Structures are given as C-alpha cells and as structure tokens.
Amino acid sequence: MGESMQGLHRSHRCTEVSVQNIGSTVTVMGWVQKRRNLGSLIFIDLRDRSGLLQIVFDENQVGKDGFAKAELLRSEYVIAVVGTVRKRSAAVNEHLKTGQIEVIAESLRILSESETPPFPIEEHSQTKDELRLKYRYLDLRRPDLQHNIMMKSKVASLIRSFMEKEGFLEIETPILQKSTPEGARDYLVPSRVHPGKFYALPQSPQLFKQLLMCSGYDRYIQIARCFRDEDLRADRQPEFTQIDMELSFVDTDDVIDINERMLQYVFKEAIGVDIKLPLQRMPWQEAMDRFGTDKPDTRFGMELVDVSAHVAACGFGVFTSALEAGGSVRGINVKGQAAMPRKKIDKLVEFAKGYGAKGLAYLCINEDGSYKSSFAKFLTEQELHTLVEQLHGEPGDLLLFAADKNKIVWNVLGALRLEMGRQLGLMDENDYQFLWVTEFPLLEWSEEENRFVAMHHPFTMPMEQDWDKIDSAPGEVRAKAYDIVLNGTELGGGSVRIHRNDIQEKMFEVLGFTKEKAWENFGFLLNAFRYGVPPHAGLAYGLDRMIMHMVHAESIRDVIAFPKVKDASDLMSEAPDLVDSGQLQELGILIASQSDEDNDIS
C-alpha cells in the first residue's frame, strides 16, 4: 500500500539537483528505475521526466526502518526521498547529467507500489509496438518518448512566441463543422437535436481562417487539431496537430519570408540547428523532372535524367512504345554499384513494379568500360554510349531506366532513388535540407471522377499570367501554391487564396460544380466575399511531422502521446467501440447488419 504525501513538498526534479547543491538537503520524488542491493548499501536510480538521480540508502543514515523499507523497493515503485547531496563516492558517470553527485537518503516514503511491468521501461525499447501501445501509459515513461513529447511542447511554445511578436492572434475555430466535398474523407458526427443531420470534424480550419481574414483580424494562428478518415502510414494519423496560419494583404513572398524566419528561430532554439536563409525555391515541374516527386530529398544527388530524345529511334520496343504513347524514358545513375548481384537487381525490378512499373531496364558499366545490360542488344554502340554520357556514367556505375507515362516514370524512379539513397546510407539525419516547392499545377485530372480536381483546394489563386488558359488548357494553369519540404517530407503547404468572386465562381465551374452546388457547400464563404475581402494567403504545417525530423523518430506515433495504429484504432482504450443501443436510438441511427445489406435494407 502507498503512503500519503503528508505535507511533503518536492524541492527539485531529479536532474535539477547538481554540484551546486552539495551539502544541502533536497526532497526528490519519482519512479524507481533500478535497484542494486550491496548488503550494507542499497543504490536506487530514481527517474522523473527530467532524467535519473542516484539515491544511496545507508542504514546508518536512513535508520533500520528506512533501510528495511528500501529493501522492499522494486522497479516502477513511486517514492519520495529526503536526503543530503554529496559528491559520488564511486566513479563519476559521464553519461548522466547528475553523474557527479548522489543523494544520501535520510527518509523514504513509498507513495505507490507497482506490479512488474509487462516490458522494461528503458530507452530504445525492443518491445513489440502492439504491446507498447496497449500499455501506452507505461511506454510514455520511457526517456526517449518523454524527450519527444517535451520537444513538441517546447516547439509549440517557441512558435507561439515568435508569431505573437509578428502580430499574429491565436483564435480557435470550430471542431464541429459542416461537411464539404473536395479533400480527404470526413469523420462525421451525428446531431441529436437535428435528426438525420451530421457535423464533420475539421480536416483543417481552412474556411474559417479565410473568414477571419474577411473579419479583419489580419494575422491568425492556431495550433489546431485536425481529422482525416484516411489510410494510415508512417507519417500520417487520423487525428493530428496542425500549425495553421492566415495573413491579410500579402503575397507569396510575404508568407515565405515570415515562415523562413520562424523556422530559423525554432530550429535554432529547439535543437541548435542553424538554417541559412533564404531557403532554396524550386518550381513543381523542376522538382518532378529532377527528383520524380514534389517533395524532393536534396541531401544527395542521383537525379532523374530524361533520355527520351536519345532513344526515340532505337530498336528497343519498351522505350519506343512508351514514347509513342506520350510518355518518357528517364534514368538514374547509382554511383559505384555496377557490381550489384543480379539477384539484388531483380529485387529492384520487383520494387519498381510496386510503384506501377512494368519493368526496369538496367545498364552496368564495368570497370574496363564495357557494358552489361538488359537491353544492350537493341541499341547501337553509339546509342549506348550516348545514354551513358547523358547520365554522366563512369566505370563502376549502375544505370537504371523506366519507360512509361510521365506520372509512372516519376513515381518509380523517385521511389527507387530514395530506396537506393537509404541502402547506400546517403541520407544524413543531421543534415536539414529545407526547400520551397512552388508553382504547383492548379488542377489535376482525376481518372476516377473523369474531371479536373483542385491539386490543393478550390480556394487557391491561379498565377495571373496563366489565367487566360483556364478554358483552353486548364491543366497548364499554375497555382500560387507553395509547399515547405524537409529531407523528402512535406512539412506544410499553403497558397495565396482567391479573393475575387469572378475567379472563385470560375474555379467552381472548372471543378464541375454548378452555381447552386457551390453555394450549397460554400455559401457562407461566398456570401462573406460579397462584403469586402482582403487579398490573403496562408500555410499550415504538420507539427507532428516537424517534430519527427527534429528528434529523428521513425514513426509519427513516437511524437504523439496517444496515437492510433494502422486501422485507426487505439489499442489502449479500445476505441472505436460499440455504443449503447439507447444512444443510437436517441440519434435516430440504425446499424445495418451484413445480412440487411445483402437484402438491400438501408
């Protein structure tokens, strides 16, 4: 059984005790990390969120009762210790912040006992994720996870501090919103007082932050919770935290300037990394052509090279048929990998197929300058030489080629480039390479819906010089949109917004909305635009993704206190779960069973 505090007050967290406190009495509290019983002495490593502190129980100091109590201590017992700080009697521990000192206990209070945890509470746990997430409250005691969660708190605080000085106001927007199309799937919330009607949880505060600009608040920021009913992956969760902002009377450069300075400040203050400004900017088309992705990792080369013009007349059907279908042939040079075993190359071919490729052509440049290739017999010596020249091939290099529609070629080689970068250790996690990707296409064609859809959202301003193509060549219209990318991850994205009714109505028309449908879905925004709307622009970051890079976490789950797993469930609380039939009845909801669906009952 645990004892009560009985008026005891903690004087220091564990690592707040230092050599400056030698000779003084301190009161510390926390969890028992480890116990070592040497007979006449018992050593305890005491842990709290700040770190570890060594406590020494000597029967002469703590008394017989205190020593007997210390013998009862086990891992994860919660204790309070009053004692005197002294220099360590044994060797100094250089790896600990408190490695030069220890506390000689004078009294011990066991505040709470603990059962044996289902896994050790230690850094870099090897325990399976499923078990850790089931006991997340224990997992969160681990120092590396605590460091991540505390880093997130620190970064949020730094962002607020910086943005306040820049004139931003923190304003909350509704969690219960109207469901609107265009975007990911909404999480829906039934309304009891409006039977048959639903709220949606926000995918982002987009419309409301634009309305705040209409309302004259000039600069808004919110660290907002957002929700998307999407399939999960390593850097995506169904609920996440967004650093959301909107600014009035600005254009692209103004938004980029403030955000560059904010990033420079936050990364320096939080993790001591110096970011040199201005950051590199790269148009979307260039990013796709050079890296095969709109979120390029620029820490290493191995860039894509378009060789279409050089193979147009060759005898290799794979290349020529792709070109005849309006596609392209592109390649990457994997330096020094010509001796890669055939089995490994075959694995790369399978990897490429996973990204939509029908196959992968390769050419090895042997050390003697000769070629070994999957397609050499179809090309002349000169054509092969030209290919090698185009990719700056040298003896020892492996050249990989994809031929298909541009989108597939970009996907395949972009993914292959990253895979080879990982395999060859070309990505230094301490090298922070930021990049703005700009001039995105305003629209992209959806095969699924057989219409153009907004690449970002329907409120993105087109570039003025392209607006005359909106009817004749809508796919060529570029947007005033910008993404901030770090080491191959899209940290955030934003755009200048449409503030003119005529452009907004035209956008809805191009996206296939009738005027009635547009007003039905976005009427409150369009109405507001009739009463004087300033030019405005904004941006939103995924805070969790930013923290992942700062702490070098492999999964977004490691920077979120209580995350979901791949099927969007919570293993600890067992959400989502069935609810009481009375609650459903009150909401007017009937759950269709599988047999009902088969009988077409709705």
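This is a short talk on the structure above, from its overall make-up to a few local details.

First, the ground rules. The model is predicted, so to speak of a local feature I need pLDDT of at least 70, and side-chain atom pairs count only at pLDDT 80 or more, while totals for chains, interfaces and linings use all residues. Residues are numbered from 1 along each chain as its sequence is written, and side-chain values use heavy atoms, with hydrogens and water left out.

Now the whole protein. There are 17 helices and 22 strands; these are DSSP runs, with helices being H or I of at least four residues and strands E of at least two, numbered from the N terminus. The C-alpha atoms fill a box of roughly 90 × 75 × 60 Å, taken along the principal axes. The protein has 602 residues, and 49% of them count as buried. Buried here is under 20% relative accessible area, exposed is over 50%, and partly exposed is in between, with a 1.4 Å probe and protein chains only.

The accessible surface is about 30,300 Å², and carbon and sulfur atoms hold 49% of that. Those areas come from the Shrake-Rupley method with a 1.4 Å probe, and for residues only the protein chains shown count as cover. As for contacts, meaning heavy atoms within 4.5 Å, take those between residues at least 6 apart in sequence: 67% of them join residues at least 24 apart.

Which residues of α5 are buried? They are Gln206, Leu207, Lys209, Gln210, Leu211, Leu212, Met213 and Cys214. That is 8 of the 9 residues of the helix, which spans 206-214, so α5 is largely enclosed by the rest of the structure. The cover over its buried residues includes strands β9 (219-227), β10 (239-248) and β22 (536-542), along with helix α14 (515-528). After α5 comes glycine 216, with a positive phi near 90°.

On to the aromatic rings. The structure holds 20 aromatic pairs. Rings of Phe, Tyr and Trp (its six-membered ring) pair if their centres lie within 6.5 Å; planes under 30 degrees apart are stacked, over 60 edge-to-face, and the rest tilted. One of the pairs is phenylalanine 267 with tyrosine 432, which is edge-to-face, at 5.6 Å centre to centre and 70° between the planes. Phenylalanine 267 is in helix α6 (252-271) and tyrosine 432 is in the loop between α12 (406-423) and β17 (434-438), so this pair ties together parts 165 residues apart in sequence. Both residues, phenylalanine 267 and tyrosine 432, are buried.

There is also an aromatic cluster made of Phe316, Phe319, Phe375, Phe378 and Phe401. Elsewhere, a charge sits over a ring: arginine 417 lies over the face of phenylalanine 300, 4.0 Å from the ring centre. The cut-offs for that are NZ of Lys or CZ of Arg within 6 Å of the ring centre and within 35 degrees of the ring normal.

Two loop residues next. Alanine 313 is in the loop between α8 (308-311) and α9 (317-324). Its relative accessible area is 74%, so alanine 313 is exposed. Leucine 379 is 66 residues from alanine 313 in sequence, but the C-alpha atoms of the two are 9.5 Å apart. Proline 395 is in the loop between α11 (381-390) and β16 (398-404). At 46% relative accessible area, proline 395 is partly exposed. Leaving out residues up to four places away in sequence, proline 395 touches Ile365, Asn366 and Glu367.

Last, the backbone. Most residues other than glycine have a negative phi, and most peptide bonds are trans. Where are the cis bonds I want to point out? One runs from leucine 277 to proline 278, with omega near -5°, and proline 278 is in the loop between α6 and β11 (280-283). Another joins alanine 575 and proline 576, with omega about -5°. Proline 576 is in the loop between α15 (543-551) and α16 (581-587).

That loop between α15 and α16 also holds alanine 568, whose phi is positive, near 65°. Glutamate 574 is in the loop between α15 and α16 too, and has a positive phi of about 65° although it is not a glycine. With 55% relative accessibility, glutamate 574 counts as exposed.

That is where I stop.
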